[in-house]
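Please read the points below beside the sequence and the model.

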Amino acid sequence: MEQYHRNKKIIFLFLLPALLVYIIFECIPVLQSFYFSFFEWPGIQGVPLAYVGLDNFKALINDAQFHRAIANILLFVLIGILTQLPIGFFFAILLYYTKHGQKFFKAVYFIPMILPVTATGLLWQFILKPNETGVLNNLLSKLGLENLCTGWLVNSKTAMMCIILVTTWASAAYYIVIGLAAMNSIPDEILESATIDGANTWKRVIHIMVPMIWESIKISVVMIITGVLKVFDMVFVMTEGGPNGLTHVPATLLYSQAFKYNHYGIGSAISTIMFMISLVITIVSLKIMNKEDKKSATKERGGRKVWRQV
Amino acid sequence: METSLNRKAKRKKRICQILLYAILSVFAVICLYPVFFTLNSSLKDNTDIFAAPFSLPGTPQWENYVRAWTIGKMGVYFKNSIVLTTATLFVSALIGSLASYILAKFKFKGKGFVYLLFIAGMMVPIQTVIIPLAVTFGKLGIVNNFPVLVLLYSAFCLSMTVFIVTGYMKGLPDELEEAAVMDGADPVIIFFRIILPLSMPSLVSASIFNFVSAWNNLLFPLVFISKDSMKTISIGLLSFFGAYTSDYGAVMAAIGVSIIPPIIMYILLQEKMEKGLTAGAVKG
């Protein structure tokens, strides 16, 4: 048996196809992307790459549109955490205390999440249309709130917020399911003994539930951050970065720089910066989680358990 | 005395219950209404969509779906998405589970590194690779090429597959292979007859996650598919939306075509899908 599990030929042959595909289509392009960020190339076959050193990064540092994209993504992360997390865990708690129809409501809440992002973006784009053709505006004027009517995705004041909130609509269900799984893994005896001690529902939630699912709340925050940093589809479908580039996030800016304006070097520099940010956040959050893990190795609960079920 | 207290408590509990269901229902409407609105509008003609957006369709305009399916080519896009996604799931499940078997059970130098390499892919945003790939594919003249796209999609499914399946296979006891190894069975047979069937639950979880990300992928087809007859449902929908902005009924029907299959799949596989999707939530 020991010999079988050290058979070099099997190891090589079984590992090879996955490694080849993975290295050719993912690893090498990632490395190439770093390399390209030091070059300028207009995207025309036959034209050689021109080495420009750090010029692409310097250009980005002075580029107002890039600043806007970074500001947008930070806002996206912030509002994402402030909306998805409370909504998700609030409804997880409500569902935890729902005796009849828990499964039904959970299923309904999950629907926005399984729709293709293209469809979600387009259907909301339709709802948020300007003038009275937009459904939301139509509804507002019926309620006598005409002064609130606006071109939601055209108005520079509302466009970004609309995209962020539609993303919340489409992803809050993640945190309902994760929160509910974490709560279900709390041993019943703990909640029961608290009830006997005279703690009311509210106290039980704050003093017992929240600490016990703390782990899964932390994981959720990390998931929202890493997820939002990569946002492309929703912005691309709803506004394509418009009006006037005001709703660009790094990923859509990368796309338009590379494939609209043929600035492949600038695009690569954006992707390098995105990759670095993503790497730093992943390492930092893993570090934080591991530390806590060692500290509380004995009281593993909640999120960690969800993690395990994977 | 006690009964009146009891009654009070009961009443309080009842009010709480009503409040609970009221809040749950309001949120349910927020989640469902936009979807219902789309499906409802997909059965109306242009005038009705704007004149009476909130009412039910008078006579259902099924022709909207016919127009979306034929003129809008949603039928073609739908078929393309099915082909591309199915092939991707097959390839990534096959090569991913072969690699997972090695990473879970075998011993060799550098195993930790190989595993980490696969897992690290979970944090690579797909936008990172799009420019280098566009350049390389451009040089090699690869465009509108399904087999290459399947390999590309599969590469991005591998991290999740290896992560989930390796973890699962580690839990399978060695004794399962032992008898077969004693009998001198071929490793390929051991894998397909013993290991793979036992690992199915984990492979299903991984595949559901991969299905959703492959079916929804927008960026790869956007850059690598230019031929209309090869477009997938995500970019097809986008180009139909751009080209037929005045035929709202058909546009709504096209959105309907793209959202009905995932909804049906969810209804059939509810628990499995929740598990598969939240497993991969890290990927965003």
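**Notes on the model**

1. α1(B) gives the largest share of the lining of the second largest pocket, eight residues. Helices (H or I, at least four residues) and strands (E, at least two) are DSSP runs, numbered from the N terminus. This is a predicted model, in which local features need pLDDT of at least 70 and side-chain atom pairs count only at pLDDT 80 or more, while totals for chains, interfaces and linings use all residues. Residues are numbered from 1 along each chain as its sequence is written, chains are lettered from A in the order in which they are written, and side-chain values use heavy atoms, without hydrogens and water.

2. The lining of this second largest pocket has 26 residues, and Ile93(A), Leu94(A), Tyr97(A), Thr201(A) and Val205(A) lie nearest the centre. Two or more residues each come from α3 (64-96) and α9 (201-212) of chain A and from α1 (2-41) of chain B. A pocket here is an open set of points on a 1 Å grid over the protein atoms alone, where a 1.4 Å probe fits, with protein on both sides within 12 Å along at least five of seven lines; lining residues have an atom within 4 Å of a point.

3. By residue class, the lining of the second largest pocket holds 18 nonpolar, four polar and four charged residues. Ala, Val, Leu, Ile, Met, Phe, Trp, Tyr, Cys and Pro count as nonpolar, Asp, Glu, Lys and Arg as charged, and the others, Gly among them, as polar.

4. At the interface, 91 residues of chain A are in contact (heavy atoms within 4.5 Å) with 97 residues of chain B. His5(A), Phe14(A) and Phe25(A) supply 9% of the area that chain A buries against chain B, more than any other three residues. Buried area is the accessible area (1.4 Å probe) that two parts lose on being put together, summed over both.

5. Ten of the 13 residues of α4(A) are buried, so this helix is largely enclosed by the rest of the structure. Among them are Phe105(A), Tyr109(A) and Pro112(A). Buried means under 20% relative accessible area, exposed over 50%, partly exposed in between (1.4 Å probe, protein chains only).

6. The loop between α11 (233-238) and α12 (250-260) of chain A contains Pro243(A), which a cis peptide bond with omega of about -10° joins to Gly242(A). Glu240(A), found in the loop between α11 and α12 of chain A, has a positive phi near 55° and is partly exposed at 41% relative accessible area.
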